[in-house]
Amino acid sequence: MSQFRVFAEYVVPSVLAYALAGVYAIVDGFFVGHSMGDAGLSAINIAFPVVTLMQSIGTGIGMGGAVLWTVRKSAGDLETAEKYVRVTWVLLIAASAAVTAGLLPFTEQIMRLFGAEGEILRLGKEYLNVIVLGAGCQILAMGIVPMIRNNGSSFFALVVMVSGFLTNIFLDYLFVWVLEMGTEGAAIATILGQMVTTVLSVIYLFVRRLPVLGSLSGFFPMAGKIGTIGIAPFGLTLSPMISLTFINRFSMAEGGAAAVACYACIAYALTIVQVLMQGVGDGSQPLMSRYYGEGRYLQVREVRKMAYVSIVVLAVVCNGILFLTRWRLGDLFGASESIRIMVGEVLPVFLIGLVFYGFSHITTSGFYATEKNLYSYICVYGEPAFLLALLFLLPAFWGQSGVWWSVVLSQVLTAVLALFLKAREDRNSPEEQR
């Protein structure tokens, strides 16, 4: 079987699954925006970083465990590999309980911290209360899927995500449009959709007899190693929402509620593209981890090169689609006419950064897939650090335009940093030293 075919068998289902995840992310905004207008859309947008935080925790734990499971199994250490599956399972359950207990008493304070007030605060709090109560569904759904994918079942990972997605759409229609339950109804639909994904994923674990039951000796050192790997995919998933939070805060100060509503539409559209790119990275990860564990370093590079080509193609296609539809994008979320026009004017700025964003994320996926943890941390957390620095600088001169351009420039700087680290890793790889 050719290397490209193997790559496609892993990556295509992953990209399709993440495409659904991207649509998943905008479904609540679509139904709430059309039902409740700009206030409901802004409330969902401001609260959404908390949703992403939960999903990031699940992704970080699940991906950290999946990488170590695959690498150790490929290296022939089956006993240790199986323990990593069990430790990952326990960590996901513990994290679910901790997040609900830790966040539920503070949902109103969290919304205020993110800049919500008045009607937006009330609607956002209703949404967030339900989301936090259902944190376990979010974390387990996102945490088990990497295990399924690393077990060679990328297509089934797609199936479980499709099931949750379709459930969410139907329930959003029912709860938000038919029963008029507002943001609370949208949150219930989201949690129940994730519950479907979780149940199907857990059934898979037991039907396929993955080693979820057995000895947990060495739990804490192994949990530490999972965390060490997982910090990068956690940040990779959370980074767009960290950026969203920063942008919302500075936009509220520079452009007011109109700028926040405008960026809500843009952020939803960009989320779809960004998760497609994450799908390429996460779909490539099982192959890179497997080849790394087997000592086949040239194959690791081949997979990464194919991922880069895929990212460029995705960026070009998505840029074209978004540019051509930019004047109608606001209509998709029920935005007012003034917001629709603003979206059409501003969106081209953000399209500039997509190729740079994709390059950074593929490079980062390659780093954590091959246990280059420090490099992955630098790439992941460099982008929001660059963004925050630029947000303090550029708006002082350009106002709201400075907020928009800060996003693009932070993506360019992160890509340059990733390129430097990649070149350094390539020079130090075992194949280069032979």
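1. Ground rules. Because the model is predicted, local features need pLDDT of at least 70 and side-chain atom pairs count only at pLDDT 80 or more, while totals for chains, interfaces and linings use all residues. Residues are numbered from 1 along each chain as its sequence is written, and side-chain values use heavy atoms, with hydrogens and water left out.

2. How to read the helix names. Helices are DSSP runs (H or I, at least four residues), as are strands (E, at least two), and they are numbered from the N terminus.

3. H8 against H14. Two packed helices are described by the angle between their axes and the distance between the axes. Here, helix H8 (residues 219-254) and helix H14 (residues 373-393) have axes 8 Å apart, at an angle of about 5°. Those axes are lines fitted to C-alpha atoms, for helices over the stretch in contact, and the angles run from 0 to 180 degrees between N-to-C directions. H8 and H14 are therefore roughly parallel (angles under 35 degrees; over 145 is roughly antiparallel, 65 to 115 roughly perpendicular, and the rest oblique). What sort of residues make up the contact of H8 with H14? They divide into 17 nonpolar, six polar and one charged. In this count, Ala, Val, Leu, Ile, Met, Phe, Trp, Tyr, Cys and Pro are nonpolar, Asp, Glu, Lys and Arg are charged, and the others, Gly among them, are polar.

4. A residue of H14. Ala389 lies in helix H14 and is partly exposed, with a relative accessible area of 49%. The cut-offs: buried is under 20% relative accessible area, exposed is over 50%, and partly exposed is in between (1.4 Å probe, protein chains only). From Ala389 to Tyr173 it is 216 residues in sequence and 41 Å in space, C-alpha to C-alpha.

5. H13. The 16 residues of helix H13 (residues 354-369) should span 22 Å at 1.5 Å a residue, and the end C-alpha atoms are 22 Å apart, which agrees. The expected span is 1.5 Å times one less than the number of residues. Is H13 enclosed or exposed? It is largely enclosed by the rest of the structure, because 13 of its 16 residues are buried. Leu354 and Gly344 are ten residues apart in sequence, yet 17 Å apart in space, C-alpha to C-alpha. Just after H13, Glu371 has a positive phi of about 65°.

6. H6. Helix H6 (residues 154-178) has 25 residues and reaches 35 Å from first C-alpha to last, close to the 36 Å expected. Its buried residues include Leu158, Met161, Phe165 and Phe175. After H6 comes Glu180, with a positive phi near 55°.

7. The second largest cavity. The whole structure holds five cavities of 30 Å³ or more. On a 1 Å grid over the protein atoms alone, a cavity is a set of points where a 1.4 Å probe fits but cannot get out, and lining residues have an atom within 4 Å of a point. Of its 17 lining residues, the closest to the centre are Pro240, Ser243, Tyr263, Gln274 and Gln411. H8, helix H9 (256-293), H13, H14 and helix H16 (400-428) each give two or more residues to this lining, with the largest share, five residues, coming from H9. The lining divides into eleven nonpolar, five polar and one charged.

8. Phe350, in helix H12 (residues 337-351), counts as buried at 3% relative accessibility. Its C-alpha is 9.9 Å from that of Gln411, 61 residues apart along the chain. Ile57 lies in helix H1 (residues 3-74) and is buried at 19%. Ile57 and Gly235 are 178 residues apart in sequence but 8.9 Å apart in space, C-alpha to C-alpha.

How values were computed:
1 Å grid on protein atoms, 1.4 Å probe; cavity = no way out; pocket = protein on both sides within 12 Å on 5 of 7 lines; lining within 4 Å. Points joined across faces, edges and corners; volume = space filled by probe spheres on them.
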